[in-house]
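The sequence and the structure are shown below.

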Amino acid sequence: IKCPIARWGGEEFVAYTNTGVISEKTAIDICKACEKHVFDEGELNLSVTVSVGLAFAPGSTDSEELFKQADRCLYRAKNSGRNTAKFIHL
């Protein structure tokens, strides 16, 4: 998947695509793949989890509303135990 990714704030990143190639299944697969990866840092073995919020909008949805909805989904994912993805179709 080729799309711009930027740090949004803190530990949050945003990716944008207008092609619809990031599916719900792909997002969940990314969460599971990140969970399985171990970062070997000498004596430290670190693992991470990823929470994803996705907002899908056909047509000309306002970008501010799109980001707001994606952020709400992200916090739903975090509050439901993390390491998952939550979605909304606008």
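A salt bridge is a side-chain nitrogen of Lys or Arg within 4 Å of a carboxyl oxygen of Asp or Glu. By that criterion, the structure, which is a predicted model, holds 2 salt bridges.

**Salt bridges**

The table lists both pairs with their distances.

| Salt bridge | Closest N and O atoms | Helix |
|---|---|---|
| D29 and K25 | 2.7 Å | helix 1 (residues 24–36) |
| E65 and K68 | 3.7 Å | helix 2 |

D29 and K25 are separated by about one helical turn, because they are 4 residues apart in helix 1. D29 counts as partly exposed, since its relative accessibility is 38%, whereas K25, at 57%, counts as exposed. In helix 2, E65 and K68 are 3 residues apart, again about one turn of the helix. E65 has a relative accessible area of 29% and is therefore partly exposed; K68, at 38% relative accessibility, also counts as partly exposed.

**The aromatic pair**

A pair of aromatic rings is described by the distance of the centres and the angle of the planes. A search of the whole structure finds 1 aromatic pair. This pair is formed by W8 and F67, whose rings are stacked, with 4.8 Å from centre to centre and 15 degrees between the planes. The two residues belong to distant parts of the chain, 59 residues apart: W8 lies in strand 1 (residues 5–9) and F67 in helix 2 (residues 63–79). F67 counts as partly exposed, because its relative accessibility is 31%.

**Cysteines**

Accordingly, a search of the whole structure finds 0 disulfides. C31 counts as buried, as its relative accessibility is 0%, while C34 is partly exposed, with a relative accessible area of 25%.

**A nonpolar surface patch**

On the surface, F39, L44, L46 and V48 form a nonpolar patch, and together they have about 330 Å² of accessible area. One of these residues, L46, is found in strand 4 (residues 44–47). L46 counts as partly exposed, because its relative accessibility is 39%.

Note on methods:
Residues numbered from 1 in each chain as written. Predicted model: local features only at pLDDT ≥ 70, side-chain atom pairs only at ≥ 80, totals over all residues. Heavy atoms only, no water. Patch = residues over 30% accessible without salt bridge, like charges linked within 9 Å, V, L, I, M, F, W, Y side chains within 5 Å. Areas by Shrake-Rupley, 256 points an atom, 1.4 Å probe, with all protein chains shown as cover. Buried < 20%, exposed > 50% of the residue type's maximum accessible area, 1.4 Å probe, protein only. Phe/Tyr/Trp six-rings, centres within 6.5 Å; stacked < 30°, edge-to-face > 60°. Disulfide = S-S within 2.5 Å.
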